[in-house]
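Please keep the model in view while reading.

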Amino acid sequence: MSTPPAAVPRTTGTPRMRTRIAILAAAAIAAWLLPYGLDSYAIHVVDVILIFAILAVGLGLAMGIAGQVNLAQVAFFGVGAYATAILTTRAGLGFWVSAVLAVLATMAIGLVVGTPALRVQSHYLGIVTLGLALAFTSWVTNAEVSGGAEGLPGIPVPTLPGIDLTSEYLYYYLELFAFVVALGFGEFIVRTSLGRRMRAMRDDALAAGALGAEVPILRMTAFLLASVYGGVAGVLYAGLIQYVAPESFSIATMFLLLAMVIIGGRQSLVGCVVGAVSLALVREALVDHPTIAQIAYGSVVVLVVVFAPTGLAGLPSRIRDAVARRRGRRGVPARMTPFVPYEMSAAADPDAPAILRVQGVTKQFRGLKALDDVSLDVPAGEIRGVVGPNGSGKTTLFNVISGLYRPTSGRVEFRGRDMTAHAPYRLARAGMSRTFQNLRLFGALTVQENILVAIDRSHTAESWRYLLRPISVLRRDRDLHRRAREVIDRFGLTEFAELAPGALPYGTQRRVEIARAVAAAPALLLLDEPAAGLNGEEVRQLSEIVRSIRDSGVTVIVIEHNMGLVMSLCERVTVLAGGRVIAEGTPAQVARTPAVIEAYLGDSMGDLPEVSAT
Amino acid sequence: MQVFLQTIIGGVSLGAVYALVALGFSLVYRTMGLVNFAHGNVVTVGAYLASTLYLTSELPFALAMPIAIVLTGAIGLVIERVLRPLENRDFDLMLIGTIGFGIVLDALVIAIWGATGRAVPSPVPSPPLDVFGLRIRTYDLVVLAIAAAATILLVLFLSRTKRGAAMQAVAMDHEAATAIGIHVGRSNAIAFMIGGGLAALAGGLVGPLLYVSPALGGALGIKGFAAAILGGFGSIPGAIVGGLAIGILDAFTAGHFQGYSELVTFVVFTVIIMIRPTGVFGERTVNRA
């Protein structure tokens with residue numbers, strides 16, 4: 001399949017920035033003046049809408065950004081509201097103390113609900129979170145402390161010095177403040193390191209892990225964030241309505257919330273807000289016909305999913321694309337520029353200890369022995385080739401080395417440490433990086449963001465910085481961008497930096513994947529069939545790139561079927577057949593080994609008369 | 001001991017219904033790797049259709065059921081057809097699409113039949129049997145017999161007919177199936193249709209056991225799903241074993257925890273999924289990478 005040359009996007013310069021600031025300022029003024037034009041019922045509706053907007057942003061962070069199907073957002077909302085209610089009415093605590101405790105309680109529940117995400121994903125996660133949400137409603141309907149089916153009335157209105165929050169007009173400003181902080185914080189996350197990692201995990205959890213993203217921690221963080229937003233919304237709801245009852249937190253509310261996020265566009269937080277506001281308004285307009293409203297938004301969800309998966313937020317860019325296509329204006333096709341070689345680092349010490357030591361690794365898939373007692377030593381600074389017929393276990397070997405598979409027996413030592421069956425992200429952080437046979441680029445991220453994910457070595461557990469030291473987060477992110485630029489320029493991908501990898505020609509995608517693997521600054525680089533699908537010139541460039549990477553001090557292991565490339569590039573070659581190492585040596589030695597010839601051509605070839613060139 | 005056995009008997013007939021719901025989930029899942037979140041709502045529709053035909057139109061139960069099954073089968077076809085563009089492309093979007101259908105069906109049920117429920121009298125009026133001091137309702141036996149017959153028919157269809165074999169092939173590898181000329185879309189459509197039919201069968205049978213209300217399908221759906229997971233998602237014997245297990249678990253938790261029985265069932269189910277996501281008979285890994 002040929003891909004049309006990708007167009008360079010119009011540069012994002014200052015005029016666009018200025019429009020953005022103008023729109024923000026206009027929105028701020030409108031939000032500030034809004035209550036002056038509303039009657040007391042309308043302001044109540046607006047107050048409720050703002051609460052749903054905060055909930056939707058939280059759900060968008062978990063589902064749209066981190067890809068964690070979370071159908072328990074309504075339970076987070078409920079825990080926040082009920083905890084506030086119980087603490088104020090039953091324990092007699094003040095509103096704000098209760099609010100803080102309620103958010104903490106919601107976070108604890110968030111971690112509990114998120115735990116299944118460590119084991120299951122997608123549909124399973126959806127049903128588990130839905131089940132837990134049902135369990136929550138079942139509990140509050142039955143428990144005495146939560147007032148049973150009748151709910152809990154009499155929650156005190158929060159107090160602020162000098163502001164009378166019993167007025168729903170003034171309550172609006174409290175909510176507006178919470179909403180702006182919530183949305184701003186969400187956007188801050190999405191646009192920096194943590195959000196980028198989450199989006200990478202959403203697009204391809206396997207590749208994200210292989211690049212050092214701590215997938216389990218990221219998943220828990222996603223649920224933690226969703227629960228904080230749910231808890232805050234719940235507290236605000238309790239303070240606004242002053243009464244909680246089970247039906248406010250039912251599955252129907254959950255699905256309404258889901259519809260808001262999907263219709264608005266789950267991958268954009270602003271989209272989630274737009275979805276929440278518009279759906280809430282439609283529901284308000286149809287308040288006397290709730291079933292019609294439900295049929296309407298259910299159908300819209302189906303239509304959006306099929307025809308506009310990016311939701312309302314994705315419409316502007318779709319329209320822009322459609323207009324551009326119709327006009328036939330494509331811009332100048334982007335081109336790959338030549339690779340700029342690395343400077344030679346000190347020549348590798350020939351007596352250097354092996355950087356990778358595979359000892360007696362066996363991998364069994366039920367009846368099939370994919371690897372059978374494979375041992376392999378790779379000294380630092382070498383380019384090692386791994387060849388063998390299809391199905392000989394080459395990729396399985398890579399998967400064992402990089403931690404995707406746990407070997408049935410045997411051990412893998414990396415840089416002198418036993419790293420057998422460590423999680424892929426641990427191996428990545430220890431200095432191992434890989435590419436994949438079938439290209440695993442993060443499809444919804446730009447080329448630059450793909451590289452950024454790899455460069456980023458910060459620990460997700462340090463995300464508390466987002467709260468306490470936001471400036472240092474920003475400063476670090478700027479530094480990451482500068483380094484990503486260097487990698488992109490070196491690999492000749494400058495013109496593709498802002499494009500989505502899916503739209504690029506195949507050869508370019510291959511190069512992006514290598515650039516991404518190298519951006520992680522590995523000590524050992526594993527390349528799985530890097531030349532597959534490349535033309536002759538591209539293969540030549542590849543060989544130059546790999547050699548230069550090695551010269552910069554990186555050990556390279558490459559699986560390849562292109563024998564010309566293997567013979568010219570690799571210093572030593574390991575041959576696998578049927579899951580066993582059948583030969584190892586320099587390319588010339590290996591090519592003469594009878595076992596290798598037999599493995600490639602079949603043993604019947606031995607009986608054939610030798611063809612002599614006369 | 002008497003109470004223990006009586007509780008098990010009470011759980012088995014509901015368990016058979018859960019098994020039917022689980023079969024519907026599993027059949028669609030094994031064919032296309034999708035969990036149909038609207039399945040529970042189709043069960044509700046089936047329950048209402050069967051009970052309406054039986055009560056209002058005064059058709060005999062044996063005639064009301066097949067009509068309901070055909071109608072919900074048609075609903076299954078519609079869902080599959082609308083979501084077909086997403087097949088094998090984005091499962092998370094398809095999942096949300098089925099939730100969308102669930103929302104619509106839920107509202108339709110309320111619009112057509114109202115928000116209040118109805119009780120359906122047992123179509124088998126004979127008194128309970130007495131076996132060694134245990135009371136067994138005759139209708140429970142009917143439910144078990146019909147569920148068993150439906151399962152056998154389904155297994156025969158999958159193993160003995162060309163169409164069924166084609167569906168098995170799609171389940172194993174849809175690309176290879178396409179390559180040898182199997183119409184994958186049609187195969188998926190049939191899975192959805194049978195799934196819909198099974199939903200009506202479950203809904204129709206459960207009518208006289210429980211109260212038919214708009215909330216019926218939600219509870220049955222999630223328990224049927226739990227049953228499917230417990231047995232191993234996509235496995236037919238797994239669905240049966242899982243259904244009976246959840247039914248019996250349900251009967252015991254209802255006895256011991258009263259109002260909290262749902263809570264306990266869901267928590268048990270979550271713990272099981274954490275420990276063994278592939279279930280008892282499951283072979284396939286959870287993430288079809």
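In this predicted model, the helices α2(A) and α10(A) cross in a right-handed sense. Helix α2 of chain A spans residues 40-65, and its axis lies 9 Å from that of α10(A), at an angle of about 70°. With that angle, α2(A) is roughly perpendicular to α10(A), because angles of 65 to 115 degrees count as such. On the side of α2(A), the contact involves Phe52(A), Leu55(A), Ala56(A), Leu59(A), Gly60(A), Met63(A) and Gly64(A). Their counterparts in α10(A) are Leu257(A), Met260(A), Val261(A) and Gly264(A). Sorted by class, this contact of α2(A) with α10(A) contains eight nonpolar and three polar residues, and no charged ones.

Helix α5 of chain B (residues 138-160) and helix α6 of chain B (residues 162-172) have axes that come within 5 Å and cross at roughly 80°. That angle makes α5(B) roughly perpendicular to α6(B). Phe157(B), Leu158(B), Ser159(B) and Arg160(B) of α5(B) meet Gly164(B), Met167(B) and Gln168(B) of α6(B). The contact of α5(B) with α6(B) comprises three nonpolar residues, three polar residues and one charged residue.

The UniProt entry, which is unreviewed, lists several transmembrane regions in chain B, among them residues 34-55 and 136-158. In the model, residues 34-55 of chain B are 77% helix and 0% strand, with the end C-alpha atoms 35 Å apart.

The discussion now turns to the sheets of chain A. One of them is an open sheet of six strands with mixed pairing, in the order β8-β9-β10-β5-β11-β12 (chain A). Strands β8 (432-434) and β12 of chain A each have a single partner strand, so one side of each has no neighbour in the sheet. From one strand to the next, the twist averages 20°. Within this sheet, β5 (residues 383-387) and β10 (residues 555-559) of chain A are parallel and share four bridges; Val386(A) stands opposite Ile559(A) in β10(A). Helix α20 of chain A (residues 536-551) packs on the sheet and touches β5, β9 (524-528) and β10 of chain A, its direction making about 150° with that of β10(A). Helix α23 of chain A (residues 594-601) also packs on the sheet, where it touches β11 and β12 of chain A, and its direction makes about 130° with that of β12(A).

Strands β11 (residues 572-577) and β12 (residues 580-585) of chain A run antiparallel and are joined by five bridges. Ala577(A) has Arg580(A) in β12(A) as its bridge partner. The two strands β11(A) and β12(A) form a hairpin with two residues between them, and Gly578(A) in the turn has a positive phi of about 55°.

A further open sheet, of four strands, has the order β4-β3-β6-β7 (chain A) and antiparallel pairing. Its edge strands are β4 (368-379) and β7 (417-418) of chain A. Two bridges link β6 of chain A (residues 409-414) to β7(A), and Phe414(A) is partnered by Arg417(A) in β7(A).

Finally, the chains meet where 37 residues of chain A contact 38 residues of chain B. On the chain A side, α5 (122-142), α10 (251-264) and α12 (290-307) of chain A each supply at least two residues. The largest share, 14 residues, comes from α5(A). By class, this side of chain A has 24 nonpolar, twelve polar and one charged residues.

Key. Residues numbered from 1 in each chain as written. Chains lettered and ligands numbered in written order. Predicted model: local features only at pLDDT ≥ 70, side-chain atom pairs only at ≥ 80, totals over all residues. UniProt positions renumbered as here; feature names shortened; annotations may be inferred. Contact = placed C-beta atoms within 7 Å. Nonpolar A, V, L, I, M, F, W, Y, C, P; charged D, E, K, R; others polar. Pairing = 2+ DSSP bridges. Axes fitted to C-alpha atoms, helices over the stretch in contact; angles between N-to-C directions. Parallel < 35°, antiparallel > 145°, perpendicular 65-115°, else oblique. Left-handed = near helix turned anticlockwise from the far one by under 90°.
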